[in-house]
Amino acid sequence: MKTYQIFAGIIFLLLVGCGSDNIISKSDTVGKFTVNMEIVPDFDGNKYSDLRKAALSVFKSRVNFIIDPEAELGRLNRDRGPQPMSQDFKELMTLIMDLDEITNGTWSPYMGKPRELWQFDASEPTTPSASFLYNAIEQANGTERVLHTGDKAQLTGDGILYIENVTIGWAIDGAAEVLIGGGVDAGKISVGKLSRFWGSPPDSTWGFLISSQSQDSTEYLISPTEGAVNIIERESDGFMHNEQLHYTFLNPENGLPISGPIGSAVWTPKAAEAAA
């Protein structure tokens, strides 16, 4: 069984970066996402320019499933008949089915319609009626599944997949594996507050400093040499609902936003797992 580290509480999170000139940093925009790559060149000064381009290409091809409405994910949500799957999309579908099982119901890929009711992409989330939300949850929970028939997939039921965060994590993982396989000994790829990192930059760390704002004001430094971290913060991920702080993550059991502390950090082996 896989083990995940979750650090939660009333916390302040700060990425402990390395200001060293020995790190090459580059940012690229892919759709609405900004991809930040940081790598440490080897002793010969190899900056891995071609390898970084190849890693970005993998990221683009994977994240395109949630950018292009005519890509396979869009067709799967829109059309109820069996849909052809490319090898990459088949890998993504296998991943989300595995994560659905591993998380034991705390994360569900079928929350598309409940999320549409909340309108999280609007300037202010909209509280849906209880009956609408109940119907959307009925459609999402236990009423549909992805069927694999050879190289085809099909959704049963009336719900739709929402897998944006996991797909971003999967795209980050794919880009990271290109760099690691090409010989980059230390690097970090981030989209927002989701990061995959490995190795150590010179004279520093990829670690995350977590400072508690509780009475003991304890500070914690998470500094693994590899893995993925997903940071959830009040300022960017939270909103007020019924005079209480909630996050834009829905409880699969009732479709309501999850309430919680000011922030948390999830540390897992891969970015797709941290995103779930």
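Predicted model: local features only at pLDDT ≥ 70, side-chain atom pairs only at ≥ 80, totals over all residues.
Residues are numbered from 1 along each chain as its sequence is written, and side-chain values use heavy atoms, with hydrogens and water left out.

The protein chain holds eight helices and 16 strands, where helices (H or I, at least four residues) and strands (E, at least two) are DSSP runs numbered from the N terminus. Of its 276 residues, 44% are buried; buried means under 20% relative accessible area, exposed over 50%, and partly exposed in between, with a 1.4 Å probe and protein chains only. The chain exposes about 14,100 Å², of which carbon and sulfur atoms supply 49%, the areas coming from the Shrake-Rupley method with a 1.4 Å probe, and for residues only the protein chains shown count as cover. Where contacts (heavy atoms within 4.5 Å) in the protein chain join residues at least 6 apart in sequence, 64% of them join residues at least 24 apart.

The buried residues of helix 3 include F89, L92, M93, L95, I96 and L99. They cover an arc of only 160 degrees around the axis, which puts them on the same side of helix 3, the arc being that of the directions from the helix axis to the C-beta atoms. Q87 and E101, on the other side of helix 3, are exposed. What do the buried residues of helix 3 pack against? Their partners are helix 1 (49–67), helix 2 (72–78), strand 6 (146–149), helix 6 (164–181) and helix 8 (271–275). Just after helix 3, N104 takes a positive phi of about 55 degrees.

Leaving aside residues up to four places away in sequence, I67 touches V30, G31 and F33. The C-alpha atoms of I67 and G31 are separated by 6.7 Å, although these residues are 36 apart along the chain.

The charged side chains come next. A search of the whole structure finds nine salt bridges, each defined as a side-chain nitrogen of Lys or Arg within 4 Å of a carboxyl oxygen of Asp or Glu. In one of them, the side chains of E38 and K188 meet at 3.0 Å, N to O. E38 lies in strand 4 (residues 33–39) and K188 in strand 8 (residues 187–191), so the pair ties together parts that are 150 residues apart in sequence. E38 is buried, with a relative accessible area of 18%, and K188 is buried as well, at 4%.

Another salt bridge is formed by the side chains of D173 and R196, at 2.7 Å, N to O. This pair links distant parts of the chain, with D173 in helix 6 and R196 in strand 9 (residues 194–198), 23 residues apart. D173 counts as buried at 3% relative accessibility, and R196 is buried with a relative accessible area of 10%.

R78 and D79 also form a salt bridge, their closest N and O atoms being 3.9 Å apart. Here R78 counts as partly exposed at 44% relative accessibility, and D79 counts as partly exposed at 30%. E70 joins R78 and D79 in a network of salt bridges.

The side chain of N230 reaches the backbone oxygen of A274 at 3.2 Å.

Conventions: Polar contact = N/O pair within 3.5 Å; in protein donor to acceptor, adjacent residues only side chain to side chain.
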